Amino acid sequence: MGTAAAVRESFQTENLSIFYGTYEAVKGISLPFAQNTVTALIGPSGCGKSTFLRSLNRMNDDISGSTTKGSIWIDGVDINAQGTDVIKLRQKIGMVWQKPNPFYKSIYDNIAFGPKYHGIKGKAALDEIVESSLRRAALWDEVKDRLKDSALALSGGQQQRLCIARALSVNPQILLLDEPASALDPVSTGKVEELIKELKEELRIVIVTHNMQQAARISDYTAYFYLGSLVEYDKTEKVFSNPENQMTQEYIMGRFG
Amino acid sequence: MKPKTADKIATTFIVFFALLIVAILIGLLGYILVRGLNHISWDFLTSAPQKIRAGGGVGPQLFNSLYLLVLTLLITVPLGLGAGIFMAEYARPGKLTNFIRLIVEVLSSFPSIIVGLFGLLLIVNYFELGFSLISGAIALTFFNLPLMVRITEQAFRTVPKAQKEAGFALGLSKWKIVTSVLLPVALPTIITGTILSAGRVFGEAAALMFTAGMSSPRLNFSDWNPLHANSPLNPFRPAETLAVHIWKINSEGLAPDAIQIAAGASAVLVITVLLFNLLARYFGRLIYRKLTASKRIN
Ligand SMILES: Nc1ncnc2c1ncn2[C@@H]1O[C@H](COP(=O)(O)OP(=O)(O)OP(=O)(O)O)[C@@H](O)[C@H]1O
Ligand SMILES: [Mg+2]
């Protein structure tokens with residue numbers, strides 16, 4: 001099964017279980033996320049991928065009735081422990097969802113909002129963050145002349161890249177993506193995938209996807225979830241060419257799930 | 001019956017009723033305006049009423065209505081927003097929340113005459129605020145608050161959940177999300193709610209007779225110190241509003257032109273409400289656009 005890495009990664013989960021009431025949606029999962037890699041989480045619908053992903057920046061805290069057991073280590077600190085400064089933590093970890101959810105604000109304000117809240121002052125500094133975030137999300141050239149327009153006027157693909165730019169605006173070390181391209185057309189999907197490959201040079205990325213080709217194209221490691229358990233975790237080439245588990249093989253071949 | 005025929009019949013009915021409603025509205029408005037408009041003059045709008053002679057105006061009453069609106073909104077809007085936001089974003093679902101919701105609902109269905117008498121006993125007499133603008137504003141808050149709370153709660157609940165998630169993921173505090181992310185989106189609905197409750201302030205008579213009173217002191221429109229007894233801004237003075245005035249002259253007016261005055265005052269009231277509506281919508285749209293960078297409302 002090759003789960004917990006021999007050396008403790010600076011970002012990893014350890015025996016992480018997540019409950020909704022008494023229902024155990026994620027069952028004691030230990031996964032490492034190495035620097036400068038993309039880890040894909042795959043598995044049939046309802047197997048706990050989103051639940052697992054959300055817990056990595058404590059977003060499950062806001063769902064009433066949800067409890068989490070186990071540890072999430074970031075730089076030697078268990079952020080799942082009581083007393084974690086969740087606000088600080090979430091600055092370190094960006095998140096993007098399946099459906100783009102830009103704020104009902106201008107393109108500029110969508111990006112500048114987070115940094116401003118976290119204490120960046122001065123127009124020049126904010127302008128700089130807006131531009132660099134939009135450039136990193138490969139959106140700058142398309143929107144640089146309409147920064148004051150509503151973000152809702154952008155196309156779906158542009159909105160999604162805006163959301164990625166917004167996540168990057170607070171300079172996270174980790175990016176969590178929950179099916180970020182599944183609502184996009186092939187061209188936009190291509191752009192987002194390209195982007196993910198570039199961004200991994202700077203941070204680590206965890207991505208949930210239902211698209212096997214996509215997982216194979218962009219990820220370095222793949223984790224296969226089934227009914228809340230981690231069935232298989234390995235290098236992506238290995239998982240896709242020669243999986244250890246029969247179930248993984250069948251899921252990847254599209255025979256079940 | 002062919003679906004197409006059924007569709008046609010249904011459409012005809014709907015259009016018919018829609019037109020009927022519009023016609024009734026126009027008829028009503030037209031009636032009030034035609035009867036009252038020719039009585040409206042600058043003098044009518046600014047001068048004080050006459051007891052037994054003809055030629056009195058409704059100046060103080062018009063001012064009282066507007067000022068009472070401001071006072072009421074000053075109390076209702078912060079309270080209503082606060083309570084609505086609490087119900088939508090902070091209250092945990094449970095017995096207490098349901099109880100609060102029940103009280104809010106009961107409050108909103110209180111007959112206004114009861115609110116008036118209650119106000120008389122509690123606010124006017126017990127708390128010794130007397131017949132005053134402030135007593136009237138508090139009484140009106142009793143039935144405007146439920147509307148405001150409910151509409152605010154509803155407005156916040158209809159903001160997509162993903163907006164809140166995006167805020168949390170950026171490391172924003174809940175309060176920051178509520179005020180800077182959700183509130184701008186909820187604003188158009190909240191403004192509609194404010195307009196609705198404002199309409200009740202203009203139109204209410206029963207609850208005000210016993211709280212704001214049925215008379216006005218001789219107002220000195222050159223003295224704007226709210227602490228002076230004859231200042232129009234003094235919130236502790238009695239204040240007959242336009243709606244109360246209409247009721248009063250209709251039932252006990254002694255002036256020979258009482259009927260015309262009532263008709264004129266009614267027209268003024270209707271026009272004020274219309275103007276207030278349009279202005280509130282206009283400024284609401286302006287604020288919404290400013291906050292959300294959008295070109296159109298929604
Ligand atoms: N807020 C919630 N309250 C209760 N149960 C939930 C909640 N969210 C998810 N679940 C349950 O937890 C399990 C895992 O859900 P999750 O959304 O993590 O699955 P997923 O792998 O992301 O599925 P999909 O591929 O369809 O997005 C499911 O059985 C789901 O019904
Ligand atoms: Mg999911």
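**Exercise 1.** In which hand does α4(A) pass α6(A)?

*Solution.* A quick reminder before we start: this is a predicted model. Begin with the two helices themselves: α4 covers residues 123–136 of chain A, and α6 covers residues 156–168 of chain A. Their axes lie 8 Å apart, and the packing angle is about 130 degrees. That angle makes α4(A) oblique to α6(A). As for the hand, the crossing is right-handed. Now look at who touches whom: α4(A) brings A:Ser133, A:Leu134 and A:Arg136, while α6(A) brings A:Leu162, A:Ala165 and A:Leu168. Sorted by class, this contact of α4(A) with α6(A) holds 4 nonpolar residues, 1 polar and 1 charged.

**Exercise 2.** Get to know chain B: work out what it is built from and what its C-alpha trace spans.

*Solution.* Count the elements and you get 11 helices and 0 strands in chain B. Walk along the sequence of chain B and the pattern reads α-α-α-α-α-α-α-α-α-α-α. Then take the principal axes: the C-alpha trace of chain B spans about 70 × 60 × 40 Å.

**Exercise 3.** Compare the reach of α3(B) with the expected value, then find where α3(B) has its kink.

*Solution.* Helix α3 of chain B runs over residues 59–90, which is 32 residues. At 1.5 Å a residue you'd expect 46 Å, and the distance from the first C-alpha to the last is close to that, at 45 Å.

**Exercise 4.** Describe how α5(B) and α6(B) cross, and list the residues that make the contact.

*Solution.* Find α5 at residues 112–126 and α6 at residues 133–157 of chain B. Their axes cross at roughly 135 degrees and come within 10 Å. The crossing of α5(B) past α6(B) is right-handed. On the α5(B) side you'll find B:Ser112, B:Val115, B:Phe118, B:Ile123 and B:Val124. Facing them from α6(B) are B:Ser135, B:Ile138, B:Ala139, B:Phe142 and B:Phe143. Split by class, the contact of α5(B) with α6(B) has 8 nonpolar residues, 2 polar ones and no charged ones.

**Exercise 5.** Follow α6(B) to its contact with α8(B) and sort the residues there by class.

*Solution.* Helix α8 of chain B takes in residues 174–203. The axes of α6(B) and α8(B) come within 8 Å, crossing at roughly 145 degrees. Here too, the hand is right-handed as α6(B) passes α8(B). Among the α6(B) residues in this contact are B:Leu140, B:Phe143 and B:Phe156, and the α8(B) side includes B:Val178, B:Gly193 and B:Arg200. Sorting the contact of α6(B) with α8(B) gives 14 nonpolar, 6 polar and 1 charged.

Definitions and conventions:
Residues numbered from 1 in each chain as written. Chains lettered and ligands numbered in written order. Predicted model: local features only at pLDDT ≥ 70, side-chain atom pairs only at ≥ 80, totals over all residues. Heavy atoms only, no water. Axes fitted to C-alpha atoms, helices over the stretch in contact; angles between N-to-C directions. Helix = DSSP H or I, 4+ residues; strand = E, 2+ residues; numbered from the N terminus. Parallel < 35°, antiparallel > 145°, perpendicular 65-115°, else oblique. Left-handed = near helix turned anticlockwise from the far one by under 90°. Contact = heavy atoms within 4.5 Å. Nonpolar A, V, L, I, M, F, W, Y, C, P; charged D, E, K, R; others polar. Expected span 1.5 Å × (residues − 1). Bend = angle between axes of the 7 residues up to and from the residue.
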